[in-house]
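Please look through the model below with the following notes beside it. They are meant for someone meeting this structure for the first time.

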Amino acid sequence: MLVTSKAILEASMQAYKAGKPFAIGAYNVNNMEQMQAIMKAARETQSPVIVQMSRGALKYAEDKYLRNIILAAAELNPEIPLAMHLDHGNSFETVKKAIDLGFTSVMIDGSLMEDSKTPSTFEYNVKITSEVVKYAHDHGVTVEGELGTLGGIEDGVGSGKEHLTNPEEAAEFVAKTGVDALAISIGTSHGAHKFKGEAKIAYNIIEECRKLLPNTYLVAHGSSSVPKELIDIINQYGGQLEHAAGVPFDVLQKAITCGINKINVDTDLRLAATAATRKFLAENPTKFDQRDYGAAAREGIANEIIAHMKAFGTAGHTTDVPNWGLDEMKAKYQGK
Ligand SMILES: [Zn+2]
């Protein structure tokens with residue numbers, strides 16, 4: 001069932017307020033096998049799910065292929081609340097295009113300029129985000145903004161410089177823009193090399209944002225776990241990934257208790273697919289049917305997502321999601 005991400009995130013918020021917090025994983029998707037893996041994991045664990053596409057994904061899969069794969073997933077899985085989200089929209093035009101394609105949720109990342117590299121000013125961020133909120137809410141679409149910048153670069157997004165979020169500025173930003181969700185910079189970074197030493201994130205920033213913004217969904221980007229088992233398999237079968245490090249599940253679980261509602265996961269799915277494909281091809285040197293290693297990758301991704309859904313506490317929450325599609329939200333935003 002296709003819903004807005006506000007519907008799904010509200011289930012997480014209500015659980016937090018009831019003292020039983022859990023988070024929603026938002027998984028990046030680029031092709032059919034990944035989408036099938038996400039839905040398999042969601043069915044097996046009965047988890048609501050947000051799938052998100054970067055501009056790179058929409059370019060790779062020629063946006064309409066991808067949009068229709070997700071609509072197929074919604075049709076085949078009516079019991080699973082599913083939101084279609086644009087990750088790191090860089091301009092009003094990019095966001096408008098996604099909404100016109102039928103996305104139920106968008107991110108406008110005004111923490112960076114349109115080139116997705118240069119850090120912007122607070123004023124620029126407020127202006128672009130407000131424009132997007134107006135257009136998106138007129139269409140019932142949920143909006144995620146970002147304040148502060150993450151380290152690391154993925155899919156061409158990132159300044160490479162980290163600037164942690166100031167909670168008071170975050171409160172001002174939400175008041176001025178009306179965003180539904182806010183990505184905050186808490187020390188995580190994009191990509192497979194997040195930390196040199198121990199994974200450290202700024203729990204106090206989450207707690208203060210949660211206190212100052214009791215009704216805004218808080219989002220953690222750059223939060224893949226980069227499991228050592230997957231890195232070892234990749235390297236065992238010919239890969240060369242060194243110094244890879246992510247955010248362990250126990251660190252993310254603490255972030256959830258502090259008030260994080262949405263956790264973005266991309267790198268872990270890439271690692272799972274690569275590990276499964278490399279292993280399959282190494283162990284089956286005579287096979288050359290794309291369906292064989294595609295199925296192995298799909299299985300590997302599904303298992304990785306099941307682990308995430310259990311760790312984030314998302315499992316078992318499908319029936320807690322209100323039925324807020326675009327029409328319901330359009331009416332709500334108009335105050336009807
Ligand atoms: Zn991100």
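1. Two residues count as in contact if their C-beta atoms, placed from the backbone, lie within 7 Å. With residues up to four places away in sequence left out, V106 touches H85, L86, G89, V95, A98, I99, V132, A136, V141 and V143.

2. This is a predicted model, in which local features need pLDDT of at least 70 and side-chain atom pairs count only at pLDDT 80 or more, while totals for chains, interfaces and linings use all residues. Residues are numbered from 1 along each chain as its sequence is written.

3. Strands here are DSSP runs of E with at least two residues, and helices are runs of H or I with at least four, both numbered from the N terminus. In the order 1-2-3-4-5-6-7-8, 8 strands close into a barrel with parallel pairing, where two strands pair if DSSP finds at least two bridges between them. Strand 5 (residues 142–147) and strand 6 (residues 181–184), for instance, pair in the parallel sense over 4 bridges, and E146 has A183 in strand 6 as its bridge partner.

4. In helix 4, L66, I70 and A73 are buried (20 or more other C-beta atoms within 10 Å of a residue's own; exposed means 12 or fewer, and partly exposed lies in between). Seen down the axis of helix 4, the buried residues fall within an arc of 55°, taken from the directions from the helix axis to the C-beta atoms, so they line one face of the helix. These buried residues pack against helix 2 (32–45), strand 2 (49–53), helix 3 (55–60) and strand 3 (82–89), whereas the face turned away from the buried side carries the exposed residues K64, Y65, E75 and L76.
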